[in-house]
Amino acid sequence: MATKKVTVTIPEDLLDEIRADAAERGLSAYVAEALRFKRDRDRLRELVDWLQEEHGPVTDDEHAAALDELEELDVAHERRRAAGKNNAGEAA
């Protein structure tokens with residue numbers, strides 16, 4: 001992948017924290033990952049805004065139903081992870 005060097009200004013205290021967190025990956029990789037994450041969140045926000053313009057805001061009931069579904073998915077995911085760990089131990 002092609003890269004390009006740029007100059008940015010970052011508050012010194014934030015830069016110190018980022019350098020400490022990014023030590024193994026490197027500052028450039030850390031910043032690139034953060035920028036991709038921010039770009040993706042911005043795109044999701046645009047999608048949510050458009051969907052709300054087209055279909056109206058999410059109701060409290062729809063929000064609660066979505067949270068319930070996410071909780072069910074989390075429980076199922078944890079169950080699969082636990083089963084995978086148990087099976088991995090048997091193979092050894």
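Reply: Helices here are DSSP runs of H or I with at least four residues, strands are runs of E with at least two, and both are numbered from the N terminus. Before going further, please note that this is a predicted model, in which local features need pLDDT of at least 70 and side-chain atom pairs count only at pLDDT 80 or more, while totals for chains, interfaces and linings use all residues. Residues are numbered from 1 along each chain as its sequence is written, and side-chain values use heavy atoms, with hydrogens and water left out.

The side chains of Lys38 and Asp42 form a salt bridge, with 2.6 Å from N to O; the term stands for a side-chain nitrogen of Lys or Arg within 4 Å of a carboxyl oxygen of Asp or Glu. Side chains of opposite charge can pair when their charged atoms come close. Lys38 has a relative accessible area of 48%, so it is partly exposed, and Asp42, at 33%, is partly exposed as well. In this scheme, buried means under 20% relative accessible area, exposed means over 50%, and partly exposed covers what lies in between, with a 1.4 Å probe and protein chains only.

Helix 2 also holds Asp40, which is partly exposed at 37% relative accessibility. The side chain of Asp40 is joined to that of Arg39 by a polar contact of 3.1 Å. A polar contact is a pair of N or O atoms within 3.5 Å; within protein, one atom must be able to donate a hydrogen and the other to accept it, and residues adjacent in sequence count only if both atoms are side-chain atoms.

Another pair brings together Glu33 and Arg25, whose side chains meet in a salt bridge of 2.6 Å, N to O. Glu33 has a relative accessible area of 44% and so is partly exposed, and Arg25, at 45%, is partly exposed too.

Glu78 and Arg81 are 3 residues apart in helix 3, so about one helical turn separates them. Arg81 is partly exposed, at 39% relative accessibility, and Glu78 is likewise partly exposed, at 43%. Between the C-alpha atoms of Arg81 and Met1 there are 33 Å in space, for 80 residues in sequence.

Helix 1 (residues 12-21) contains Glu12, which counts as exposed, with 63% relative accessibility. The C-alpha atoms of Glu12 and Glu24 are separated by 20 Å, and the two residues are 12 apart along the chain.

Now the setting of these pairs in the whole. The structure contains 5 salt bridges in total. There are 14 positive and 23 negative side chains, and the centres of the two sets lie 10 Å apart; Lys and Arg count as positive and Asp and Glu as negative, with His and the chain ends not counted, and each charge is placed at NZ of Lys, CZ of Arg, CG of Asp or CD of Glu.

The protein has 3 helices and 0 strands, following the pattern α-α-α along the sequence. Its radius of gyration is 21 Å, well over the 12 Å that the globule rule gives for 92 residues, so the protein is more spread out than a compact globule; the radius is taken over C-alpha atoms, and the rule is 2.2 Å times the number of residues to the power 0.38. Along its principal axes, the C-alpha trace spans about 55 × 45 × 30 Å. Of the 92 residues, 4% count as buried. The protein exposes about 8,700 Å², of which carbon and sulfur atoms supply 54%, with areas coming from the Shrake-Rupley method and a 1.4 Å probe; for residues, only the protein chains shown count as cover.
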